[in-house]
Amino acid sequence: MKSIATGGKAIYGAPLGILMLEARFPRIPGDMGNAGTWPFPVLYRVVKGASPERVVLQGAAGLLPAFLEAAAELVSIGAEAITTNCGFLSLFQRELAAHVRVPVATSSLMQVPWVQASLPPGKRVGVITVSAGSLTPAHLAAAGVPADTPVEGTERGVEFFRVLIRGESENMDVTLAVRDILEAGQRLMAAHPDVGAVVLECTNMPPYAHALRAALGVPVFDVYSLITWLHAGLRPRDFGVGDRGMSSHN
């Protein structure tokens, strides 16, 4: 019996493509840009000119063509779904999905409606972002997030925003970064006692989700939870059933 391998791609075994911002800060374990974060292979493409400052503080103005081109390149070499390295790129969700014609998840904020559906009456989702002052109603609407969702940012911190968005250093004091994230979470909960779960907008925040969950006592979701969910659909777990019984449905 012949065994035919199907071709047509340049790269196999990595169905998820990640559009990366152009940055030089450290990508610690848990960060989206650290390949060791993922329990499966991924494909990366750095989008030239897409600095964190330009994407977050300037609304990614003028960058859509570069993101469309990079996403198409990832799909052409083997990606079956696309995600991005910044939650603020929810602005490009519709355009990217239309352009590449594969599943696209631009922002961890897309989880807010799902998480809200899981909460008991009287509880709602809160968002922690790298820059609350830059997260506009347009960003929220593009991800399906209610406009009145409580939001807290890290701008008042001493390390996280300074390094990641302002690019003031290629090094980061992780202890100070943890403090920035925890303080943002504490401010969110103090101002909004009805918050029953938190979604982290920033794709650089998953390394801090464990500590934040312990400090706040509510579930914490981030881009890691979003992308592992997406990948589970691309490559469902094989429980050994195989094709048994499939013929009866054909």
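**Ground rules**

This is a predicted model: local features need pLDDT of at least 70, side-chain atom pairs count only at pLDDT 80 or more, and totals for chains, interfaces and linings use all residues. Residues are numbered from 1 along each chain as its sequence is written, and side-chain values use heavy atoms, with hydrogens and water left out.

**Stop 1: the core**

Select Leu16, Leu19, Val55, Phe67, Phe160, Val198 and Ile227. In the largest nonpolar core, which has 79 residues, these touch the most other members. A nonpolar core is a set of buried Ala, Val, Leu, Ile, Met, Phe, Trp, Tyr and Cys residues joined through side-chain atoms within 4.5 Å. Buried means under 20% relative accessible area, exposed means over 50%, and partly exposed is in between (1.4 Å probe, protein chains only).

Which helix gives the most to this core? Helix 2 (residues 64–77) does, with 6 residues. Helices (H or I, at least four residues) and strands (E, at least two) are DSSP runs, numbered from the N terminus. In soluble globular proteins, nonpolar side chains tend to be buried together.

Now centre on Val198. Setting aside neighbours within four places in sequence, Val198 is in contact with Gly126, Ile128, Leu188, Leu216, Val218, Pro219, Val220 and Phe221. Contact means heavy atoms within 4.5 Å.

**Stop 2: a strand residue**

Pick Val127 in strand 5 (residues 124–129). Val127 counts as buried because its relative accessibility is 0%. Beyond four places in sequence, its contacts include Leu109, Val112, Leu135, Thr149 and Leu188.

**Stop 3: two packed helices**

Show helix 7 (residues 174–191) and helix 8. They pack at an angle of about 35°, with their axes 10 Å apart. Axes are lines fitted to C-alpha atoms, for helices over the stretch in contact, and angles run from 0 to 180 degrees between N-to-C directions.

Is the crossing left-handed or right-handed? Helix 7 passes helix 8 in a right-handed crossing. A crossing is left-handed if the near helix is turned anticlockwise from the far one by less than a right angle, and right-handed if clockwise.

Select the meeting residues next. Ile181, Leu182, Gly185, Gln186 and Met189 come from helix 7, and they meet Ala211, Leu212, Ala215 and Leu216 of helix 8. By class, this contact has 7 nonpolar, 2 polar and no charged residues. Here Ala, Val, Leu, Ile, Met, Phe, Trp, Tyr, Cys and Pro count as nonpolar, Asp, Glu, Lys and Arg as charged, and the others, Gly among them, as polar.

**Stop 4: the rings**

How many aromatic pairs are there? The count comes to 5. Rings of Phe, Tyr and Trp (its six-membered ring) pair if their centres lie within 6.5 Å; planes under 30 degrees apart count as stacked, over 60 as edge-to-face and the rest as tilted.

Zoom in on Phe160 and Tyr208. Their pair is edge-to-face, 5.8 Å centre to centre with 90° between the planes. Phe160 sits in helix 6 (residues 160–164), and Tyr208 in the loop between strand 7 (195–200) and helix 8 (209–216), 48 residues apart. Both Phe160 and Tyr208 are buried.

Move on to Trp38, Phe40 and Tyr224. Ring pairs link them into a cluster. Tyr224 belongs to helix 9 (residues 223–234). Tyr224 counts as partly exposed because its relative accessible area is 31%.

**Stop 5: two positive phi values**

Most residues other than glycine have a negative phi. Pick Ala60, in the loop between helix 1 (52–57) and helix 2. Its phi is near 55°, a positive value. Ala60 is buried, at 3% relative accessible area.

Now pick Arg101, in the loop between helix 3 (93–100) and strand 4 (104–105). Arg101 has a positive phi of about 60°. Arg101 is exposed, at 69% relative accessible area.

**Last stop: Cys86**

Select Cys86, in the loop between strand 3 (81–84) and helix 3. Buried or exposed? Cys86 is buried, with a relative accessible area of 5%. Its contacts outside four places in sequence include Leu21, Val55 and Glu201. The C-alpha atoms of Cys86 and Glu201 are separated by 7.8 Å, although the residues are 115 apart along the chain.
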